[in-house]
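Subject: Structure handover

Hello,

Here is the structure we talked about passing on.

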Amino acid sequence: MPELPDDLRNRPPRPAGQAPSATLTLDAYERLKAELHELTTTGREYITEKIKVAREHGDLRENAEYHAAKDEQGMMESRIRKIKEMLRDPEIVEAPVHADAVAPGMLVTVRPLDEDDPEDETYLLAEHAEEKAKGVRTVTTTSPFGMVLNGAKEGQEVEHQAPGGTFRYVVVGFAPAG
């Protein structure tokens with residue numbers, strides 16, 4: 001396990017029976033901390049300035065710029081609350097080093113079976129949507145696609161239902177992310 005930052009190492013133990021606020025890799029934890037810092041400093045300053053400028057345009061009832069800035073402020077504050085909750089008491093996990101089946105923290109390459117000229121697609125299978133890997137989309141273990149990928153073996157065919165129909169793939173390979 002990599003060295004934990006002081007704020008994680010020095011936190012009080014989690015009470016028995018209490019679930020962690022999120023399951024994150026150390027990389028995701030650090031990225032979320034940086035995003036939270038950015039949003040609570042520069043982000044808030046930027047939104048405050050946008051609202052101030054929009055207010056100067058006169059009547060607030062018909063001021064679209066003001067209402068757009070207030071909506072943006074609301075979405076940003078919602079994101080701040082979400083990140084704070086995730087960072088409150090997360091469980092820090094490592095991506096698997098080697099496995100016989102697909103597991104969270106792995107890059108999974110699949111090939112669509114129902115296309116005439118299929119191209120391989122690679123996804124990060126993660127416990128949480130905040131996990132990221134460069135150049136690939138994240139699929140969570142709770143999504144329909146993630147549920148069929150989790151535990152799959154190389155060469156195995158998987159299928160999942162989506163609003164667009166049933167999608168079938170073969171698992172071409174998988175490896176730890178990072």
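The model is predicted, so local features need pLDDT of at least 70 and side-chain atom pairs count only at pLDDT 80 or more, while totals for chains, interfaces and linings use all residues. Residues are numbered from 1 along each chain as its sequence is written, and side-chain values use heavy atoms, with hydrogens and water left out.

**Cores**

A nonpolar core here is a set of buried Ala, Val, Leu, Ile, Met, Phe, Trp, Tyr and Cys residues joined through side-chain atoms within 4.5 Å. Buried is under 20% relative accessible area, exposed is over 50%, and partly exposed is in between, with a 1.4 Å probe and protein chains only. Helices (H or I, at least four residues) and strands (E, at least two) are DSSP runs, numbered from the N terminus.

The largest nonpolar core has 20 residues, and the members that touch the most others are Leu24, Tyr29, Leu32, Ile83 and Leu87. At least two residues of this core come from each of helix H2 (26-55) and helix H3 (64-88). H2 gives the most, with nine residues. Another core, of 14 residues, lies apart from it and includes Leu125, Val139, Val158 and Tyr169.

Contact means heavy atoms within 4.5 Å. Leaving out residues up to four places away in sequence, Leu24 touches Tyr29, Leu32, Met86, Leu87, Pro90, Glu91, Ile92, Val93, His128, Glu130 and Glu131.

**Helix H3**

The expected span of a helix is 1.5 Å times one less than its number of residues. For the 25 residues of H3 this gives 36 Å, and the end C-alpha atoms are 36 Å apart, which agrees. The buried residues of H3 are Tyr66, Ala69, Met76, Ile80, Ile83, Met86 and Leu87; they pack against strand S1 (23-25) and H2.

A polar contact is a pair of N or O atoms within 3.5 Å; within protein, one must be able to donate a hydrogen and the other to accept it, and residues adjacent in sequence count only if both atoms are side-chain atoms. At the start of H3, a side-chain oxygen of Asn63 comes to within 3.2 Å of the backbone nitrogen of Glu65. Asn63 sits in the loop between H2 and H3 and is buried, at 6% relative accessible area. Beyond four places in sequence, Asn63 touches Ala54, Arg55, His57 and Gly58.

**Sheet**

Two strands pair if DSSP finds at least two bridges between them. Five strands form an open sheet in the order S5-S4-S3-S7-S6, with mixed pairing. Strand S5 (137-140) and S6 are at the edges with a single partner strand each, so one side of each has no neighbour in the sheet. From one strand to the next the twist averages 45 degrees, where axes are lines fitted to C-alpha atoms, for helices over the stretch in contact, and angles run from 0 to 180 degrees between N-to-C directions.

Strand S3 (residues 106-112) and strand S7 (residues 165-176) run antiparallel and are joined by seven bridges. Met106 has Pro176 in S7 as its bridge partner, and Pro112 stands opposite Tyr169 in S7. S7 also pairs with strand S6 (residues 157-162), in the antiparallel sense, over six bridges. A hairpin of two residues joins S6 to S7, and His160 has Phe167 in S7 as its bridge partner.

**Single residues**

Which residues does Thr122 touch, not counting those up to four places away in sequence? They are Leu107, Val108, Thr109, Val136 and Arg137. Thr122 lies in strand S4 (residues 121-126) and is partly exposed, at 30% relative accessible area. Its side chain makes a polar contact of 2.9 Å with the side chain of Thr109.

The side chains of Glu130 and Arg79 are joined by a polar contact of 2.8 Å. Outside four places in sequence, Glu130 is in contact with Leu24, Ala28, Arg31, Leu32, Arg79, Lys82 and Met86.

Glu49, in helix H2, counts as partly exposed at 42% relative accessibility.

Regards
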